[in-house]
Amino acid sequence: MKIFPENASSYGGEVDFIFWLITGVVAVASVIVIFLLLYPVLTRRRKLTKTQRYQKGEGFRNLRLIYLGILLLAIADFFFLYKEGPTWTKIEETLPDKEFHVAIIGRQWLWEIVYPGPDGKLYTADDVKKINQFYMPVNSVVHMDIQSYDVIHSVFIPNARFKQDALPGRNITRWVKMTKTGTFPLSCAEICGIGHANMKATIIVQNKEDFKKTLTKLYKK
Ligand SMILES: [Cu+2]
């Protein structure tokens, strides 16, 4: 069953794995809970009597199933944290050495992609700016300085399983490594005004030779 867009990043598979792991465990738990709820209702049809028992919730014996539930919930939570920890650390808290560096600046309602100029350095006078066109080389770690001019936006790259808010006044550096060439959508994932839905950019992942040619072309303009 294909419910996600094609994964085209180095870490997308790990994110998908976490999704299916949590979905699987929660699905099993749901089936058990629904069974425990419906089974007595459907099978116990004794007439009510004066001495109908009810749980007062006093003492350990009365509450033992509640404690079991809390214990199972805690075990499941820590299991998920244990399984997903290394993935999130790698994606969100570490920054592998960069092979290319851009700035992505959100504004109502477009994305400015700023490329380093011929000197190879970002934030110098020869930088090149493109609107909604994000070129990057394949199989290379690309650092993205995510910023905003006005309100909160969010960089969302479904094919990379990547999402990061762009906050005014802050620079947040994240990374991505695309493993497939082609074009992929980048959209804004934070309601940012009337034009939010049109705030889309295209990511063009190219092999390294083509990417070099693209850069040369960008510099000429
Ligand atoms: Cu936006």
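Helix 1 covers residues 12–43 of this predicted model, and its length makes a friendly first check. How many of the 32 residues of helix 1 are buried? The number is one, so helix 1 lies largely in the open. Here, a residue counts as buried if 20 or more other C-beta atoms lie within 10 Å of its own.

Stepping back to the whole protein chain, you will find it divided into domain 1, residues 12–93, and domain 2, residues 100–220. Between the C-alpha centres of domain 1 and domain 2 there are 41 Å.

Five strands make up an open sheet with mixed pairing, and their order is 4-10-9-6-7. Strand 4 (133–137) and strand 7 (162–166) stand at the edges; each has a single partner strand, so one side of each is left without a neighbour in the sheet. From one strand to the next, the twist averages 25°.

For a look at one pairing, take strand 6, residues 153–157, which runs antiparallel to strand 7 and is joined to it by five bridges. Which residue stands opposite Lys163 of strand 7? That is Phe156.

Finally, follow the chain to helix 3, residues 208–220, which packs on the sheet. Helix 3 touches strand 4 and strand 10 (200–206), and its direction makes about 135° with that of strand 4.

Definitions and conventions: Residues are numbered from 1 along each chain as its sequence is written. This is a predicted model: local features need pLDDT of at least 70, side-chain atom pairs count only at pLDDT 80 or more; totals for chains, interfaces and linings use all residues. Two strands pair if DSSP finds at least two bridges between them. Helices (H or I, at least four residues) and strands (E, at least two) are DSSP runs, numbered from the N terminus. Axes are lines fitted to C-alpha atoms, for helices over the stretch in contact, and angles run from 0 to 180 degrees between N-to-C directions. Two residues are in contact if their C-beta atoms, placed from the backbone, lie within 7 Å. Domain bounds come from an automatic or database domain assignment. The expected span of a helix is 1.5 Å times one less than its number of residues. A residue is buried if 20 or more other C-beta atoms lie within 10 Å of its own, exposed if 12 or fewer, and partly exposed in between; C-beta atoms are placed from the backbone.
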